[in-house]
Amino acid sequence: MNERLKGRDDQREPQFRVRIVCAALLTVSCLAFIWTNSLMSPEMSASISDAFSAALVRLLSVVFGENSWITREVQEHIRKIAHAVEFFILGALSAVMLTVIRRATWHFTLHAMFFILLAAVADETIQVFTDRGSAVQDVVLDFAAGVTGLLILSCALGIRRRAALRRGQ
């Protein structure tokens, strides 16, 4: 049977729809988490960042030493790192979504990249209204992290799919 037609038949199965709903809910939840953090007041955001930073620095100090360069860098850039991780996860979830709906082509990957860019711009816009400030470099960082997550997971899922096809599954 033609691969393209087989995909269409699979779309009618209930488990296919469950996968779509799950992937969509995870993606929307990640986006809600990102934007909820941006809605926090500067004081609340700083408090959470400081608490997380202290815990992470303790862990890194055990692994790398108290005065290691990595411990100092993480402590200094914890907010940027957190944003990058959030958007990396958003990008990875976008790759999952594309794979689940069987649209993991370059065309749809570009759509996902645009979605990540819009999410980053919206995130910085939200921060303007919460008096936390906004920066173009943050949009670039968020976008780059999201695209990195998207591309890494897309490649990994593509390799996995090709291996399954070779095995005849």
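**Close-up views of a helical chain**

**View 1. Helix H5 and the second largest pocket.** H5 gives the most to the lining of this second largest pocket, with 9 residues. The pocket holds about 640 Å³ of space. Its lining counts 23 residues, and Ser49, Arg79, Ala82, His83 and Glu86 are the closest to its centre. Elements giving two or more residues to the lining are helix H2 (14–38), helix H3 (42–64), helix H5 (78–100) and helix H6 (106–129). By class, the lining has 10 nonpolar, 7 polar and 6 charged residues. A pocket is an open set of points on a 1 Å grid where a 1.4 Å probe fits, with protein on both sides within 12 Å along at least five of seven lines; lining residues have an atom within 4 Å of a point.

This is a predicted model: local features need pLDDT of at least 70, side-chain atom pairs count only at pLDDT 80 or more, and totals for chains, interfaces and linings use all residues. Residues are numbered from 1 along each chain as its sequence is written, and side-chain values use heavy atoms, with hydrogens and water left out.

**View 2. Asp142 in helix H7.** Asp142 is found in helix H7 (residues 136–167). Asp142 is buried (under 20% relative accessible area, 1.4 Å probe, protein chains only). Asp142 has no salt bridge (a side-chain nitrogen of Lys or Arg within 4 Å of a carboxyl oxygen of Asp or Glu). The nearest side chain of opposite charge, Lys80, is 7.7 Å away.

**View 3. Contacts of Asp142.** Beyond four places in sequence, Asp142 touches His83, Phe87, Ile116, Ala120, Asp123 and Glu124 (heavy atoms within 4.5 Å).

Definitions and conventions:
Helix = DSSP H or I, 4+ residues; strand = E, 2+ residues; numbered from the N terminus. Buried < 20%, exposed > 50% of the residue type's maximum accessible area, 1.4 Å probe, protein only. Lys, Arg positive; Asp, Glu negative; His and termini not counted. Points joined across faces, edges and corners; volume = space filled by probe spheres on them. Nonpolar A, V, L, I, M, F, W, Y, C, P; charged D, E, K, R; others polar.
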